[in-house]
Amino acid sequence: MNILVVGGGGREHTIVWKIAQSPKVEKIYCAPGNGGIAELAECVDIKATDIDAMVQFAKERQIDLVMVAPDDPLVLGMVDAMEAAGIRAFGPRKNAAIIEGSKVFSKELMKKYNIPTAAYEVFTDSASAIDYVKRQNSFPAVIKAEGLALGKGVIIAQDLEEAVTGIRSIMDDKQFGDSGNRIVIEEYLQGPEVSVLAFTDGKTVVPMVSAQDHKRAYDNDEGLNTGGMGTFSPSRLYTDDIAAECMDNIFLPTIKAMQQEGRPFKGVLYFGLMMTKNGVKVIEYNARFGDPETQVVLPRLKTDLVEIMEAIIDERLDTVNIEWDDNAAVCVVLASGGYPTKYQTGYEIKGLETAKDNIIVFHAGTKRQDGKIVTAGGRVLGVTAVSATLDQAIADAYKAVESISFQDMHYRKDIGIKKYN
């Protein structure tokens, strides 16, 4: 098969790396790709959101399967466009990707179908939103831009001043563009978070192994929200009992709800979950593989990913036995100093050749320049260790990080280390 993967970050490098292990695959293309992906696939200089150019390329190269990995092209309808051109594509159609594309849609879906989530209100102007937080006077308060914002459109305001500043920056200053035309303000849920990705063909749901992400820029969950500074799998807290509760109360009801709404969801659905004292609740949905959760989940997958994707497209996921390794994985993200705000790029990365054995270095913001790999983004690399236990994987990942360097390199030192009572 000839396969085209759309995207160019750490998630896409992981997906390409996994697809490359399939005996069904002859050639992989990735658009736009990055410096690490170039070792496994032919990178094509097409923006991930350029639907027309992507369809044209898929036709010209006789692509057998297009894997649309990022949120933007899914929400814009790239899968629909590929299907209209007679090309098999993996991912939800536009009318199902709205589950991530609109926070308002997803909250209203959960309310309608009694899927546990935080209480919320929707606002279309900053004055009424500010008036609401003043009247509620309950902090922390969670403020979310409705649309896509690179995983950064959520503000957890600790007091009224932070809430007012956050509302104004999203709605009036348009920090995230039109994504902030409407906002959701919701109650602050307390408890540890867990991410569960699930394969689904619109009828059958097969959850993957659990993971936990670290969103904040600095140790001890301090600093600004980022796209993710590291992950580990499995979660220490996601027991079989909790998994069963999530299947009954969240996973199956969500898939059924989308079907009821005439928006069958086929692809990977990401459940961001909070384990509260009142049970597990949904914080958010994503319509695709998470980043950097993918970097710890796919290395544990034993089953051929291409086989799974084909079964989902053909709506026969119930015929595939999906197996996982009984091990653990930890990913430490190496970022440019200053991320997620201002940072410099173009610095040479040294020590990549030292990674071996159970270490995989997934490239996120890198490019090849004059025969060298240089930094080209905020999140630069994801250093993943796959080991027998979580503690061993943490130790192995950090040992590998010590051998890699670039100017102003920044990373958290506490990925996977926090123990819960």
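Reader: How many bridges join strand β12 to strand β15?

Author: This is a predicted model, where local features need pLDDT of at least 70, side-chain atom pairs count only at pLDDT 80 or more, and totals for chains, interfaces and linings use all residues. Residues are numbered from 1 along each chain as its sequence is written, and side-chain values use heavy atoms, with hydrogens and water left out. Strands (E, at least two residues) and helices (H or I, at least four) are DSSP runs numbered from the N terminus, and two strands pair if DSSP finds at least two bridges between them. Strand β12 (residues 212-213) runs antiparallel to β15, and the number of bridges joining them is two.

Reader: Which residue of β18 is the bridge partner of T231?

Author: T231 in β15 is also the bridge partner of D213. Strand β15 is antiparallel to β18 (residues 328-336), with four bridges between them. The partner of T231 in β18 is C331.

Reader: Are the residues on the two faces of β15 buried or exposed?

Author: Buried stands for under 20% relative accessible area, exposed for over 50%, and partly exposed for what lies in between (1.4 Å probe, protein chains only). On one side of β15 (residues 230-233) sit G230 and F232, on the other T231 and S233, and all of them are buried.

Reader: What is omega of the peptide bond from S233 to P234?

Author: Most peptide bonds are trans. P234 lies in the loop between β15 and α9. The bond from S233 to P234 is cis, with omega near 5°.

Reader: Where does K174 lie, and what is its phi?

Author: Most residues other than glycine have a negative phi. K174 is placed in the loop between α8 and β9, and is partly exposed because its relative accessible area is 33%. Its phi is positive, near 55°.

Reader: How much space lies in the largest cavity?

Author: On a 1 Å grid over the protein atoms alone, a cavity is a set of points where a 1.4 Å probe fits but cannot get out; a pocket is an open set with protein on both sides within 12 Å along at least five of seven lines, and lining residues have an atom within 4 Å of a point. Points are joined across faces, edges and corners, and a volume is the space filled by probe spheres set on them. The structure holds three cavities of 30 Å³ or more. The space in the largest cavity is about 60 Å³.

Reader: Which residues lie nearest the centre of the second largest pocket?

Author: About 530 Å³ of space lies in this pocket. Its lining takes at least two residues from each of β8 (154-157), α8 (160-171) and β14 (222-225). Of the 19 lining residues, those nearest the centre are K152, I155, Q175, L224 and N225.
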